[in-house]
Amino acid sequence: MNITLLTRRKILGAFFLSGLLLTGSVNYIHQVSAQTPAAETTANSEAYVRDELYFGRSQPGGGEVTEEQWQKFVDTEVTPRFPDGLTVIDAYGQFLNSAGILAREDSKVLILLYVSTPERERSIQEIIDAYKSKFQQESVLRVTDVPARVSF
């Protein structure tokens, strides 16, 4: 069997990545970068939390959360809890649902930057719960980065 140089590199790359994952080296790299001292960041920045919330727009029965429904949700559920600002990005994603079926759907990504408090934490959970209930969603993906260094 004749294996090209490119194929060999792909195979070696796959073995290398597998080795990293098996040894935990990837987790170690993440831990080191997360422990960078705050003093090394810019002088005018503040410590914030960055949350990304991924909202699927497909609904049971074949419907989809419309732009109007989404905007009303942001206006009534998100903005009152985070009036200082937010970012929404249109996205497309896929995931394996609880039935083991690959689901593909249009999505919205909500990015929030804030100073961490118990009230803010509750607010985010309330937003997630409200979306799941209102639009019959199985879940809302949440990604949290701590600390996020922010300057304005």
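Asp-84 is found in the loop that runs between α3 (67-78) and β2 (87-96), where helices (H or I, at least four residues) and strands (E, at least two) are DSSP runs numbered from the N terminus. The model is predicted, so local features need pLDDT of at least 70 and side-chain atom pairs count only at pLDDT 80 or more, while totals for chains, interfaces and linings use all residues. Residues are numbered from 1 along each chain as its sequence is written, and side-chain values use heavy atoms, with hydrogens and water left out.

**Exercise 1.** Determine whether Asp-84 is buried or exposed.

Solution. Begin with the cut-offs: buried means under 20% relative accessible area, exposed over 50%, and partly exposed in between (1.4 Å probe, protein chains only). Asp-84 has a relative accessible area of 75%, and is therefore exposed.

**Exercise 2.** Work out how the buried residues of α3 are arranged around its axis.

Solution. First list the buried residues of α3, which are Trp-70, Phe-73, Val-74 and Val-78. Seen down the helix axis, these residues fall within an arc of 100° (taken from the directions from the axis to the C-beta atoms), so they line one face of α3. Then turn to the other side of α3, where Glu-68 and Lys-72 are exposed.

**Exercise 3.** Describe how β2 and β3 are joined and paired.

Solution. The two strands form a hairpin with five residues between them, and Gly-100 in the turn has a positive phi of about 80°. β2 and β3 pair in the antiparallel sense over 10 bridges, pairing requiring that DSSP finds at least two bridges between two strands. As one example, Gly-93 has Glu-105 in β3 as its bridge partner.
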